[in-house]
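Colleague: I would like to learn how to read a model feature by feature. Where do we start?

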Amino acid sequence: MGVFLCVIVSPMDLSTQFVAEALNIAAPAPKNAIFSSVTSDSRKVSRGCLFVAIPGEKFDGHDFIPQAIAAGAAGIICRRPPQGASGATAFFQVADTVQAYRKLAAAWRSKFHVPVLAVAGSVGKTTTKEFLAAMLRGKHAHVLKTEGSQNGFLGVAMTLLELRPHHGAAVVEIGIDEPGAMVQHLEVVRPTGSLLTAIGPEHLENLKNLETVAREEGLALEITAKANGAVAVNLDDPWIAPWAAKLASDAYSGSAAVAFSLTSTPKASAPKTPLPTVVARPTRDGSLAVSGAGLPKGATLPCPLPGEHNQRNLLAAFTLAHLTGVTPKEAAKGLAGFQGAGGRTEIRKGGGLHILADHYNANPTSVEAALKLLTQLKSDAKGTKGTRTWACLADMLELGTGEERFHRGLAPALEASGIAGVLLHGPRMAHLLDELRNRRFHGLVEHYESQGALAARLRQLAHRGDWVLVKGSRGMHMEKVLDSLK
């Protein structure tokens, strides 16, 4: 069935009548049913739940309807009820069960009048989402957030169906992979505030080019602002910065828009923009000094994750949180309990090595940021004399017709990093191998057919105390390299 989802909901409201009205169909019998939960995974069906039969790449949820009924499902959303089904189960017959699931989520979301904040962009969404949710917890006792990277059509619906009366705010991560997807997501989420992290090459098989990516991602700001919501504008991204002037126009007069920028020098002033701007400056202890847009003097924020890209993600999250009324003190309080998502800027130790595990996803922007961070981590560490840095890189997926160009394009960043060696995996990384050899790369460059062979070679090459980056798209399973190093 593809993605399996299970959502616990308030039984007091999720009735047969509510579901029927949300789906715009007649209420089936029994009309007095109250559903205890919603799931599309037949293995997680509990007594009284509503089962949604979702067709997937490998399985079709419709094939599991009998098992769901046997396990106690009180309702089924499906394209076709099975023959001889019991009258004790309410069947909601629809043409498209995925769309029905999303309609139900949209109807549920409409019941809540709390900040619902959307995090979009090409890179850094999950980390920024985690930062934002942590900051909001400094003000609200209960904050809902997208779990993991469930930012697609099913994941967004799953998150919204978890909203409860006790939640003070919600943070929804939105991912797109084709034109039109953002509009569809926003119709369900109806965010009260939105931000874009950055624009870069992503899902180019369908989005084709950066111009399309910027246009489609930019809808998160445009549609939210037109609905008089709050938006945070990244002035440091050339694709996003023009929105500062647009949002200052009369067409968006009802919105609350604030820009943000990360500067590297203490005397740097706010960039010229018609919007109020939050400017952040890194301090010696790794925190961020923030100023502008009505912030109190001397305000600082701890940055739980290293790297300039994470500082900018933190600033993006704080700017939107600030627009919802979160103070720097509340944000810092929430960040004290921050826990990063797995496989993203995790610093581990294994086999005597310092490992930067950033293997959950990869595109050119994030790989270059990770290489820069690897160099910084080694430079900042004590007792690193004689130690070296290594990069274990796997294919960057879904880059469309430009995939060879993007893989070859990593060569300049590797040349500038001073890295000792590059170990590559995947057919697309063969392009980078060729490019580095053509450029007479100063370090070792090798390519391996499996993650295991790559890890074995790394164990031969790397010495105790060396620093290693492990990076690749999720489908390349570079966590296997980490497992080999434990």
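Modeller: Start with burial. Buried means under 20% relative accessible area, exposed means over 50%, and partly exposed lies in between (1.4 Å probe, protein chains only). Take Thr345: at 8% relative accessibility, Thr345 counts as buried. A word on the source: this is a predicted model, where local features need pLDDT of at least 70, side-chain atom pairs count only at pLDDT 80 or more, and totals for chains, interfaces and linings use all residues. Residues are numbered from 1 along each chain as its sequence is written, and side-chain values use heavy atoms, with hydrogens and water left out.

Colleague: Which residues is Thr345 in contact with, leaving aside neighbours within four places in sequence?

Modeller: Contact means heavy atoms within 4.5 Å. On that basis Thr345 is in contact with Leu305, Pro306, His309, Asn310, Leu356, Ala357, Asp358 and Leu373.

Colleague: Where is Arg190 placed, and is Arg190 buried or partly exposed?

Modeller: The place of Arg190 is the loop between helix H6 (181-189) and strand S9 (193-196). Arg190 is partly exposed, with a relative accessible area of 38%. Its phi is positive, about 45°, although Arg190 is not a glycine.

Colleague: Now a loop residue with a cis peptide bond. Which bond is cis?

Modeller: The bond from Ala29 to Pro30 is cis, with omega near -5°. Pro30 is found in the loop between H1 and strand S2 (37-39).

Colleague: And Lys58: is Lys58 buried or exposed?

Modeller: Lys58 counts as exposed, at 73% relative accessibility. Its place is in the loop between strand S3 (50-52) and helix H2 (65-70).

Colleague: How do I read aromatic rings?

Modeller: A pair of aromatic rings is described by the distance of the centres and the angle of the planes. Rings of Phe, Tyr and Trp (its six-membered ring) pair if their centres lie within 6.5 Å; planes under 30 degrees apart count as stacked, over 60 as edge-to-face and the rest as tilted. The structure holds six aromatic pairs. In one of them, the rings of Phe18 and Trp108 have their centres 5.9 Å apart and their planes at 85°, so the pair is edge-to-face. This pair links distant parts of the chain: Phe18 is in helix H1 (residues 16-23) and Trp108 in helix H3 (residues 97-109), 90 residues apart.

Colleague: Are those two residues buried or exposed?

Modeller: Phe18 counts as buried, at 12% relative accessibility. Trp108 also counts as buried, at 1%. Ring pairs link Phe18, Trp108 and Phe112 into a cluster.

Colleague: What about charges over rings?

Modeller: A charge sits over a ring if NZ of Lys or CZ of Arg is within 6 Å of the ring centre and within 35 degrees of the ring normal. The charged end of Lys246 sits over the ring of Trp243, 4.4 Å from its centre. The charged end of Arg344 sits over the ring of Tyr360, 3.8 Å from its centre.

Colleague: Which residues touch the most other members of the largest nonpolar core?

Modeller: A nonpolar core is a set of buried Ala, Val, Leu, Ile, Met, Phe, Trp, Tyr and Cys residues joined through side-chain atoms within 4.5 Å. The largest one has 95 residues, and Ile77, Leu393 and Leu414 touch the most other members. H3 gives the most to this core, with seven residues. Apart from it lies another core, of 37 residues, among them Ala169, Ala299, Val326 and Phe338.

Colleague: How many residues of helix H5 are buried?

Modeller: Seven of the eight residues in H5 (residues 153-160) are buried, and the helix is mostly covered. Among them are Leu154, Met158 and Leu160.

Colleague: Finally, the whole chain. How many helices and strands are there?

Modeller: The protein chain comes to 17 helices and 20 strands. Buried residues make up 56% of its 486 residues. Along its principal axes the C-alpha trace spans about 75 × 55 × 40 Å.

How values were computed:
Helices (H or I, at least four residues) and strands (E, at least two) are DSSP runs, numbered from the N terminus.
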